[in-house]
Amino acid sequence: MNTFKKAFLLVISLLAFTLTNAQNRIDFTEYDLDNGLHVILHKDNSTPIVAVTISYHVGSKNENPERTGFAHFFEHLMFEGSENIGRSEFDKIAMNAGASLNANTSFDRTFYYLLLPSNQLELGLWMESERLLHLRIDSIGVETQRSVVKEERKQSYDNRPYGTLMEKTFSAAFKEHPYRWMPIGSAESINIATLEEFMEFHSIFYVPNNATLSIAGDIDVESTKKLVQKYFGDIPRGTKEIYRPDIVEPVKTAEVRDTVYDNIQLPAVVQAYHIPAKGTPDYYALSMLTTLLSDGESSRMTKSIVDKQQKAMFVGAFPFALEDPGLFLVFGIVNSGVAPDDFENAINEEIAKAQQEELSDREFEKLRNKVENDFISRNSTMAGIAESLSDYHMYFGDANLINTEIDRYMAVTKADIKRVANQYLTKENRVVLYYLPKQTL
């Protein structure tokens, strides 16, 4: 290809990227209430739907090591009701108004959302303000949710094939940092925790100055501001110190290997490499590397290990996007008759290829297009937009990353991807776990 043609194609590509960004730009308004609650409003009148979401900057890493699982426990307890909402009535009120609702807890934050018809916006704001100001924390609710959480742990972790894989991986990879336990926590911690301990946890973390209210959809911004002030403006600011761990995990200098015997039919192998926190330049290069290796049927690992060599039913690589330095995981389920170490060698060969060979122009362009498409797709719903705006503010203090973070991905070069593969995907920087069927004992 001659120089002129290359330059022409580059201009066309950049122009298309600029036009796409302009068409998908998400405008918003943000401000703080006097009590510290951060508010973000995004107006989109294309459909009569509104997402009312609230994020609390508390996850499992903010917990006492002797009392793990509290943040996840409150994900459940926050649906128990309030002084003005009867026990177990929260869901009923929402669904009778045509709303859907849910919540999720991570290592770093807890997120709640209501997706409502836009004429029910005020109801959604009242409901969220109720559980922020007047959450019911009593022995009946606590005991009810104790049983629910313990049962969830049994079903999702203890009695599920490969269910403890993430828990075992993180506990092996982290020895000092609170990422060493999962958000589900331990059943023992939840079982022995007192009502007073739950109330104390709530008083520290579930306060306006530790929360972001993000609303997206069919709204009028000025009238929504008035409603936000009406329902949230008088809620008192929290006065207790909010615990933010500053623990730094020591640099790994030797590979950690272990074997776990589980109630499974086929072996599994997981590799976990320590990587920088999300938002750092190397994180974006590593994220693009996982896309290159395993995102889609045409990805390197899928084509080579699953399709061509037929050594695995599935293989995937993905970065854990965490507020503090996290993990780059490679995980696969081995095909019947294939030895786990044979499968692991195939993984290592693909990693070595990424370390030794630079991507072709065609492969790199395909990778950039996939990353850009995934970025846009994440913000294709009102709930997704509200969550992204909240996360960007909470983690980086910059909600406008919803529009500009893609530039950080696009700034990654082929050389960056090769460099991070060599820098982070090293033997001494990893944990390797073999999951084997119990009958092999």
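**View 1. Domain 1 and domain 2 of the protein.** In this predicted model, the domain assignment gives domain 1 as residues 28-233 and domain 2 as residues 256-437. The C-alpha centres of domain 1 and domain 2 are separated by 28 Å. To the contact between them, domain 1 contributes 38 residues and domain 2 contributes 37 residues.

**View 2. The span annotated in UniProt as "domain: Peptidase M16 C-terminal".** The unreviewed UniProt entry places this feature at residues 194-370.

**View 3. The packing of helix α4 against helix α9.** Two packed helices are described by the angle between their axes and the distance between the axes. Helix α4 covers residues 121-133, and helix α9 covers residues 221-232. The angle at which they pack is about 30°, and their axes lie 9 Å apart. Because angles under 35 degrees count as roughly parallel, α4 is roughly parallel to α9. The crossing of these two helices, α4 and α9, is right-handed.

**View 4. Residues in the contact of α4 with α9.** On the α4 side, the contact is formed by L121, E122, L125, W126, E128, S129 and L132. Their partners in α9 are T224, L227, V228, K230, Y231 and F232. By residue class, the contact of α4 with α9 comprises eight nonpolar, two polar and three charged residues.

Key:
Residues numbered from 1 in each chain as written. Predicted model: local features only at pLDDT ≥ 70, side-chain atom pairs only at ≥ 80, totals over all residues. Heavy atoms only, no water. UniProt positions renumbered as here; feature names shortened; annotations may be inferred. Axes fitted to C-alpha atoms, helices over the stretch in contact; angles between N-to-C directions. Helix = DSSP H or I, 4+ residues; strand = E, 2+ residues; numbered from the N terminus. Parallel < 35°, antiparallel > 145°, perpendicular 65-115°, else oblique. Left-handed = near helix turned anticlockwise from the far one by under 90°. Contact = heavy atoms within 4.5 Å. Nonpolar A, V, L, I, M, F, W, Y, C, P; charged D, E, K, R; others polar. Domains from an automatic or database assignment.
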